[in-house]
Amino acid sequence: MFLMSSRYEPCGLNQIYSLKYGTVPIVRATGGLDDSIEPWNPATEKGTGFKFTAYSGATLLGSIQEALQAFKDKAGWKKLMINGMSEDFSWTASAKEYARLYERLAG
């Protein structure tokens, strides 16, 4: 697990590096951290990590406990890791998104 409890984060690459290598991030939902991490939902097996919003020790601890609980389900944890490793934050993916946006606006 990778813990990044930033008060503010304009972009953030460390959580992206973590995803790439299968390290599940626990982040405060701010800036790029909020944009790049999807909350884990064990029922749907969707998501890439864990997020908390309030800048407090209690909410941080709650997210850590949620992650530790998820870790007990080895199959679910493996799926969570694979979800993160499957994310594509490359410039190629970004360029395709921009092209789709421009085509939609032009059309």
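This is a predicted model: local features need pLDDT of at least 70, side-chain atom pairs count only at pLDDT 80 or more; totals for chains, interfaces and linings use all residues.
1. Which helices supply the lining of the largest pocket? Helices α1 (14-20), α2 and α5 each give at least two residues. The largest share, five residues, comes from α1.

2. Lys-51 pairs with Asp-34, with the closest N and O atoms 2.6 Å apart. Lys-51 lies in strand β3 (residues 50-52) and Asp-34 in helix α2 (residues 31-36), so the contact ties together parts that are 17 residues apart in sequence. Lys-51 is partly exposed, at a relative accessible area of 23%. Asp-34 is partly exposed too, at 31%.

3. The structure holds two salt bridges. Glu-97 and Arg-100 make up another pair, their closest N and O atoms being 2.3 Å apart. These two sit three residues apart in helix α5 (residues 91-106), separated by about one helical turn. Glu-97 is partly exposed, with a relative accessible area of 48%. Arg-100 is also partly exposed, with 47%.

4. Turn now to the rings. The whole structure has three aromatic pairs. One of them joins Phe-50 and Trp-77: the ring centres are 6.4 Å apart and the planes stand at 15°, so this pair is stacked. Phe-50 belongs to strand β3 and Trp-77 to helix α4 (residues 74-86), so the pair ties together parts that are 27 residues apart in sequence.

5. Are Phe-50 and Trp-77 buried or exposed? Phe-50 is buried, at 1% relative accessibility. Trp-77 is buried as well, at 8%. Trp-77 has a further ring partner. Its ring centre and that of Phe-71 are 5.2 Å apart, with the planes at 85°, so Phe-71 and Trp-77 are edge-to-face. Phe-71 is partly exposed, with a relative accessible area of 36%.

6. Taken together, Phe-50, Phe-71 and Trp-77 form one aromatic cluster. The charged end of Lys-74 sits over the Phe-71 ring, 3.4 Å from the ring's centre.

Methods
Residues are numbered from 1 along each chain as its sequence is written. Side-chain values use heavy atoms; hydrogens and water are left out. A salt bridge is a side-chain nitrogen of Lys or Arg within 4 Å of a carboxyl oxygen of Asp or Glu. Helices (H or I, at least four residues) and strands (E, at least two) are DSSP runs, numbered from the N terminus. Buried means under 20% relative accessible area, exposed over 50%, partly exposed in between (1.4 Å probe, protein chains only). Rings of Phe, Tyr and Trp (its six-membered ring) pair if their centres lie within 6.5 Å; planes under 30 degrees apart count as stacked, over 60 as edge-to-face and the rest as tilted. A charge sits over a ring if NZ of Lys or CZ of Arg is within 6 Å of the ring centre and within 35 degrees of the ring normal.
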